[in-house]
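Open the model in your viewer and keep the selection panel at hand.

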Amino acid sequence: MTTPLPATRSETAFGDFKLPFAPGEAVAEATRCLFCHDAPCIAACPTAIDIPQFIRKIATGNDRGSAKTIFESNILGMSCARVCPVEVLCVGSCVYNDLDQPPIAIGRLQRHATDRAFAEGWTFFEAGPDTGRRVALVGGGPASLAAAHRLRRLGHACTILERGTTLGGLNSTGVAPYKMRADRSIEEIEWVLAIGGIEVRTGVEVGGQGPDDPSLEDLERDFDAVFVGAGLGADSALGVPGEDLLGVHGAVAWIESMKLGEVDLAGVERAVVVGGGNTAIDGVRELLGLGVASVTMLYRGTPERMSGYAHEWTAALADGARVEWRAIATDFEGTDRIERVRAARLDDARRPIDGGEFTLDADLVLLAIGQSKLGERLAALEGIALDRGRVAVDDGGATGRGGWYAGGDCVNGGKEVVNAVAEGDRAALAIDAWFAAGGGLRKGSGA
Amino acid sequence: MPDLSTDTGGIRSPNPFWLASAPPTNSGLQVQRAFEAGWGGAVWKTLGTPIRNVTSRFGGHSIGGVRGAGFNNIELITDRPLEANYREIAETKRLFPDHAMIVSLMFETREEWKEHIGRSIDAGADGLELNFGCPHGMCERGMGSAVGQEPAVNERITSWAAEFSTVPVIVKLTPNVSDIVPHGLAAKRGGADAVSLINTIKSIIGVDIDRFVPEPRVGGASTNGGYCGSAVKPIALHMVAALAREREFGLPISGIGGVADWRDAVEFILLGASTVQVCTEVMLRGYGVVEDMIDGLSEYMRTHGFESIDQMVGKAVPGFREWGDLDLNHELVAKIDADACIGCQLCVAACHDGAHQCIHPQEGSRVPVVDESECVGCNLCKIVCPVEECISMETVEHDVPPATWNQHVADPVHHPLRPKKGSHG
Ligand SMILES: Cc1cc2nc3c(=O)[nH]c(=O)nc-3n(C[C@H](O)[C@H](O)[C@H](O)COP(=O)(O)OP(=O)(O)OC[C@H]3O[C@@H](n4cnc5c(N)ncnc54)[C@H](O)[C@@H]3O)c2cc1C
Ligand SMILES: Cc1cc2nc3c(=O)[nH]c(=O)nc-3n(C[C@H](O)[C@H](O)[C@H](O)COP(=O)(O)O)c2cc1C
Ligand code: SF4
């Protein structure tokens with residue numbers, strides 16, 4: 001189904017940043033949980049996992065029940081335990097933060113239960129009785145996987161159409177390897193697909209030019225509903241001279257090549273990462289982790305204004321990151337390969353300060369200034385509206401065109417894996433409700 | 001999926017988890033929420049001639065930082081109008097026909113018992129529970145534990161209930177007696193269909209050492225209350241098991257006292273209970289705790305090959321014997337896993353000061369060693385060790401055949417004892 005991952009991937013250099021619990025540790029931590037009523041951690045989790053309940057089950061030695069509670073709300077609960085920014089989600093909302101005690105380590109407890117489920121080979125869900133309905137899912141990332149699994153539990157047949165060779169979207173190709181390596185994501189996908197009845201077609205681009213690429217109209221003809229979980233597009237470009245020099249990469253593309261294959265860092269001693277979001281911070285930490293001696297983040301704003309999480313930036317500083325605040329790259333220079341970055345310092349209004357020009361030597365540059373939006377292609381269909389490039393949907397994930405639903409990064413503009421799961425799940429329920437009310441795209445399939 | 005449904009003396013419920021008669025079963029909306037959360041049955045807060053309560057009413061016993069590890073109360077039976085109670089019982093039963101609705105009663109005269117048994121059954125009770133247990137407030141009025149402590153009174157009132165009731169009658173026993181068995185037998189003679197135990201244990205939960213008043217404080221004074229919660233489980237387990245193994249007894253048992261999770265429930269069931277009742281854990285954490293109770297019990301049954309609760313009930317009773325029937329030649333010694341040891345030496349202190357002086361520190365290492373020739377296999381070191389599975393108790397193989405004290409005193413020649421250890425004699 002997916003191309004096997006080479007064992008020599010650069011990402012294998014990384015170990016886990018947050019370590020798993022030993023069994024006794026997990027029980028001790030779980031026992032600290034207060035089992036809050038109307039718990040704030042549940043409200044902080046986009047998939048609304050019943051966190052106090054899964055933790056209580058760990059405390060009583062019921063790891064299997066605990067894992068089930070997690071997967072019931074979030075089928076990618078194993079990934080999320082590792083990749084979620086828990087500091088700003090569940091853990092950040094724990095009532096212990098208001099007491100003189102550390103908050104419950106919810107992510108690590110979730111990892112304890114879900115890792116155990118994988119290690120023991122526990123499965124919890126069966127496909128529902130066949131309804132005869134067929135749903136196409138555009139893209140094989142977290143949003144589509146969550147939607148497909150829920151749709152299967154409800155008995156609808158699913159076909160995932162993925163442009164790339166690997167499923168999992170950015171959860172396989174993007175997340176920092178010290179949180180989770182690609183092989184874990186692939187293992188999880190196999191576990192998800194084991195429910196059966198999810199056909200996977202890789203190497204096909206919906207709306208693409210290839211002979212096997214289905215058009216949007218093909219989907220309307222062959223399926224009863226379509227879920228679009230296409231994520232975001234390629235790295236945005238800066239639009240300054242020298243961007244095409246060797247050694248200047250889009251950050252997401254470079255991270256993908258590091259996770260799925262090998263990147264050659266021979267001779268790279270100084271790197272510059274342009275941007276101030278989480279992708280930029282990941283890039284900085286990944287380069288440092290792969291042995292680049294000096295890595296500088298170049299960000300146009302101030303520490304307070306950066307969109308990357310404070311806890312991630314603190315960790316990057318501990319890894320040895322350098323930074324230039326209020327700075328933009330104005331030129332990339334070198335013969336063939338990048339040699340230096342010319343930059344300008346900015347004032348409060350983000351205007352270049354006179355005499356504020358400076359230069360950074362660099363053997364490698366990552367551009368982490370955002371990803372393009374993919375929505376345009378969909379806009380060809382009447383009724384599908386876009387909002388600043390994002391697909392506009394209602395509370396259930398329905399677009400303005402009957403039978404077309406969407407969720408994940410292509411709708412929210414780029415959030416987390418857990419948001420994609422939540423939005424895929426809710427769209428699956430909405431599709432099921434639409435079918436129940438007689439909806440269906442294929443001729444003769446509706447009521 | 002194993003079948004969790006149960007039958008206790010003719011009262012059926014979808015699972016063995018019932019709420020005990022107490023504040024969590026005070027009103028219809030509460031019990032309805034509890035049934036929605038998954039509770040299989042509820043014993044309604046004891047009905048009687050409505051009373052007045054004091055404030056405050058509850059005391060908590062923190063043990064090692066665990067708040068409410070023990071709990072006590074000085075509240076009485078329902079303080080709500082009987083009309084309201086019966087109306088809500090009927091409403092709840094109508095909404096949840098498959099759940100067990102048991103009405104707890106405590107009255108004085110035969111006429112009162114007759115009237116309220118009739119009204120309870122009219123309201124839809126699947127069973128009655130006679131509260132012969134309350135150790136405070138009601139006993140001074142000749143009810144509660146004053147009944148439960150007198151087998152003759154217990155038998156008489158039970159026989160009235162058996163006479164008036166068309167639904168099964170459970171007698172709820174008080175633990176405030178020296179031996180539970182005669183009280184269980186009295187309930188049986190009176191015609192009970194089942195017993196439930198334990199009610200709360202007479203207690204003073206603590207003393208306010210600045211105000212010089214016991215707790216919970218009611219102005220400048222307090223009174224003895226009823227102790228319950230996790231801390232009482234060992235006492236409750238013993239009383240349940242004592243009745244379960246009594247040959248003349250044989251009635252179904254609903255086990256109560258310190259059930260806080262599915263493991264506690266499994267223990268009660270293995271010692272003879274067919275349902276368990278919970279009060280304190282729900283008071284401390286809410287109805288939601290039942291989810292893991294059901295889930296954990298199902299998982300336990302699945303992994304242990306039990307298909308129904310019946311198959312589990314009393315499984316550990318044959319393993320509960322008199323001391324004189326235990327094998328004196330069974331020999332255990334403690335083993336320390338040096339790789340797991342963290343060097344705290346709690347076991348050294350415990351063995352030296354509290355046992356038989358046979359765990360010794362070693363020169364140049366924090367890992368102590370057990371002198372197996374002196375170790376009596378008492379378990380103390382294992383109990384204090386903070387590391388799971390670091391200290392194990394291992395069986396010593398020897399040639400002396402098993403012999404109990406009773407066998408040995410009857411026939412010492414054929415039932416010799418192995419050499420004594422650890423007496424430093
Ligand atoms: C560098 C980086 C690090 C990140 N780290 C984290 C993290 O630590 N924690 C976290 O929670 N989130 C992280 N995220 C965000 C997270 O990965 C995404 O929010 C999540 O993967 C979105 O899921 P999705 O299914 O919406 O889209 P994607 O994961 O982007 O998946 C979309 C899929 O659709 C396919 N596709 C697109 N168009 C088509 C088409 N026309 N036809 C067929 N297939 C198509 C794509 O190839 C892709 O596989 C990170 C993102 C990046 C870029
Ligand atoms: C506040 C409180 C009120 C109680 N009221 C009653 C009662 O009205 N009738 C009764 O039979 N038992 C009553 N009990 C006893 C409980 O039903 C139960 O037998 C006891 O608490 C032991 O169970 P536990 O350890 O789960 O709490 C009460 C207990 C508490 C804590
Ligand atoms: S628990 Fe409720 S009734 Fe009791 S003291 Fe607190 S607020 Fe008052």
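**Stop 1: a charge and a ring**

Select Arg184(A) and Phe118(A). The charged end of Arg184(A) sits over the ring of Phe118(A), 5.8 Å from the ring centre. Bear in mind that this is a predicted model.

Now widen the selection around Phe118(A). Ring pairs join Phe118(A) with Phe71(A), Phe124(A), Phe125(A) and Trp191(A) in a cluster. Show the side chains of these five residues together.

**Stop 2**

Move to Tyr178(A). Which charged end sits over the ring of Tyr178(A)? That of Arg285(A), 4.4 Å from the ring centre.

Next, count the ring pairs. Over all chains there are 17 aromatic pairs. One of them is Phe17(A) with Tyr178(A), an edge-to-face pair with 6.1 Å between centres and 75° between planes. This pair links distant parts of the chain, 161 residues apart. Phe17(A) is in the segment before helix H1 (23–32) of chain A. Tyr178(A) is in the loop between helix H9 (170–173) and helix H10 (182–193) of chain A.

Tyr178(A) counts as buried because its relative accessible area is 5%, under the 20% cut-off.

**Stop 3: two tryptophans**

Select Trp313(A) and Trp325(A). They form an edge-to-face aromatic pair, 5.6 Å centre to centre, with 70° between the planes. Trp313(A) lies in helix H14 (residues 310–319) of chain A. Trp325(A) lies in the loop between strand E9 (322–324) and strand E10 (327–333) of chain A, so the pair ties together parts 12 residues apart in sequence. Colour by accessibility: Trp313(A) is buried, at a relative accessible area of 8%.

**Stop 4: chain A against chain B**

Zoom out and show both chains. How many residues of chain A are in contact with chain B? There are 12, and they touch 14 residues of chain B. The area buried between the two chains is about 1,100 Å². Carbon and sulfur atoms give 38% of that area.

Between chain A and chain B, 12 residue pairs are in polar contact. On the side of chain A that touches chain B, helix H3 (51–59) and helix H4 (63–73) are the elements that give two or more residues.

Finish with the salt bridges. The interface of chain A and chain B holds 4 of them. Select Arg56(A) and Glu281(B): they form a salt bridge, with the closest N and O atoms 2.8 Å apart.

Terms used
Residues are numbered from 1 along each chain as its sequence is written. Chains are lettered from A and ligands numbered from 1 in the order in which they are written. This is a predicted model: local features need pLDDT of at least 70, side-chain atom pairs count only at pLDDT 80 or more; totals for chains, interfaces and linings use all residues. Side-chain values use heavy atoms; hydrogens and water are left out. Rings of Phe, Tyr and Trp (its six-membered ring) pair if their centres lie within 6.5 Å; planes under 30 degrees apart count as stacked, over 60 as edge-to-face and the rest as tilted. Helices (H or I, at least four residues) and strands (E, at least two) are DSSP runs, numbered from the N terminus. Buried means under 20% relative accessible area, exposed over 50%, partly exposed in between (1.4 Å probe, protein chains only). A charge sits over a ring if NZ of Lys or CZ of Arg is within 6 Å of the ring centre and within 35 degrees of the ring normal. Contact means heavy atoms within 4.5 Å. Buried area is the accessible area (1.4 Å probe) that two parts lose on being put together, summed over both. A salt bridge is a side-chain nitrogen of Lys or Arg within 4 Å of a carboxyl oxygen of Asp or Glu. A polar contact is a pair of N or O atoms within 3.5 Å; within protein, one must be able to donate a hydrogen and the other to accept it, and residues adjacent in sequence count only if both atoms are side-chain atoms.
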